[in-house]
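Me: Please take a close look at one part of this model. I would like the local details first, and then the wider setting.

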Amino acid sequence: MEALEPIQQTLSEIDKRIPDALRAALGLHKRVSILFGDAYVTSFVASFQQPSSQRRDADDESPMDIDGAEPRAPLRMDWASCYARRHDEDAHFGHDEAGVVGVADGVGGYRRNGVDAGAFSRGLMTSAFEQVLTTEPGTPVFPYTLLERAYEETVASAATGGSTAVILSLAGTALKWAYIGDSAFAVFRDGVLLHRSQRQQNGFNCPLQLNGRRNGDSITEANVGEVPVRHGDVLVVGTDGLFDNVFDADLERLVRMGTALGFSPKNMADVVAGVASEISMSGTTDSPYSSDCRKLRGDRRRGGKQDDITVVVAFIV
C-alpha cells in the first residue's frame, strides 16, 4: 500500500515514460525516439486512431456464470498513483485489502485569503484513510458513509478551506462511489469507456464543495451510485487537474495504448499525469477547459489549465 503523503516525482521522470507513439496519438510534442523509428510510431499510432465503439452498457457486459466452471477468486483493486503538484492542495489515499481509493482537491480560491487551501482536502483523505484502517477486514466499505464521516471529522478539526472529493470502493462485482464536485473517475473495459462520472457545478469553474464553515454545499448533495465491473476493467480517478486537461477520448486512447504496452498501474498513472501536465502547460493544445471557455464564455482561449494533478489508476483483477 502506498503512503498517504503526496508522491513526489519530477515531471522529467514522468515525461520519460511517455512513448513517442502515444505522444503522436495525442498531438503532443514528439521527442526523437531512441528505440523505434518513425515507421513504427506511425504504424502503432494508426492502430489506436480508429474511432472507439459506443460506450458499453455495464448491465449488458456483466459477467455470467458458466455451468461447471470453477468459481473465480474475489475481485480486487491493484492500484497506484501519481501526484504532479503545483500548489500542493490535492490529497489522495488507497487501501489494497479494503479495495478503496479516494481523491480530494482543495479549492484554490481560499488561497487568495491567505488560507491553506489544501488543509480541508488533506483532512478529508486522512480521516477516510484512518477509518478504512480500523474497519474489520471483509467488512464492506460504503463510500458515502465514509465520505460523510470524514467530512464531519474534518469540520470538527477546524481545518480551513474547502474541497471536492471522490471515494470509490469495490464490493464483490460492484464498484461503488460517492463524490461531490469535479473530482472525477472513469471506468474502461477492453479499452473503451464504460462509465464516466459527471461533474457537479454551481457554475462554470465553480464546483460543488465541502468546507469547514458548513456554509458550502451539503454532503447530502453527493452523487452516489455503483456500476458492475469485472476482471480486466481499468479505473482512472483524478482531480480536475486531469479532467480539465485531457479529453475523455484521449484518456481512452491512453488506457488502450498503455494496456497494449503492458503498463503496470504505476506506469499508467505516471503517463496519464505526465500527459495532463504537458497539456496544462501548453498554450496551443486544446483541452476540455479551454473548450468550455470558448463555449461558455465566448473567449478564444486555447491550451490547458495549470493545476495540481492527481491520478489514481486501479486495475480490477
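What follows is a request about one residue and a connected reply.

Me: Where is Ser287 found, is Ser287 buried or exposed, and which residues is Ser287 in contact with, leaving aside its neighbours within four places in sequence?

Reply: This is a predicted model, where local features need pLDDT of at least 70, side-chain atom pairs count only at pLDDT 80 or more, and totals for chains, interfaces and linings use all residues. Residues are numbered from 1 along each chain as its sequence is written, and side-chain values use heavy atoms, with hydrogens and water left out.

Start with the position. Ser287 is found in the loop between α8 (265-280) and α9 (288-297). Helices here are DSSP runs of H or I with at least four residues, strands are runs of E with at least two, and both are numbered from the N terminus.

Next, cover. Ser287 has a relative accessible area of 0%, so Ser287 is buried. Buried means under 20% relative accessible area, exposed means over 50%, and partly exposed lies in between (1.4 Å probe, protein chains only).

Then the surroundings. The side chain of Ser287 reaches the backbone oxygen of Gly303 at 2.7 Å. Leaving aside neighbours within four places in sequence, Ser287 is in contact (heavy atoms within 4.5 Å) with Asp244, Asn245, Phe247, Ile279, Gly303 and Gly304.

α8 is mostly covered, with 14 of its 16 residues buried. Its end C-alpha atoms are 22 Å apart, which agrees with the 22 Å that 16 residues should span at 1.5 Å a residue. The expected span is 1.5 Å times one less than the number of residues.

Val227 counts as buried because its relative accessibility is 5%. Val227 and Lys176 are 51 residues apart in sequence, yet 6.7 Å apart in space, C-alpha to C-alpha.

Two cysteines come next. Cys293 is buried, at 0% relative accessible area. Cys206 is partly exposed, at 35%. The protein has zero disulfides, counted as pairs of cysteine sulfur atoms within 2.5 Å.

Last, the whole protein. The protein has nine helices and 13 strands. Buried residues make up 52% of its 317 residues. Among contacts between residues at least 6 apart in sequence, 72% join residues at least 24 apart. The protein exposes about 14,700 Å², and carbon and sulfur atoms supply 50% of it. Accessible areas come from the Shrake-Rupley method with a 1.4 Å probe; for residues, only the protein chains shown count as cover.

Methods: A polar contact is a pair of N or O atoms within 3.5 Å; within protein, one must be able to donate a hydrogen and the other to accept it, and residues adjacent in sequence count only if both atoms are side-chain atoms.
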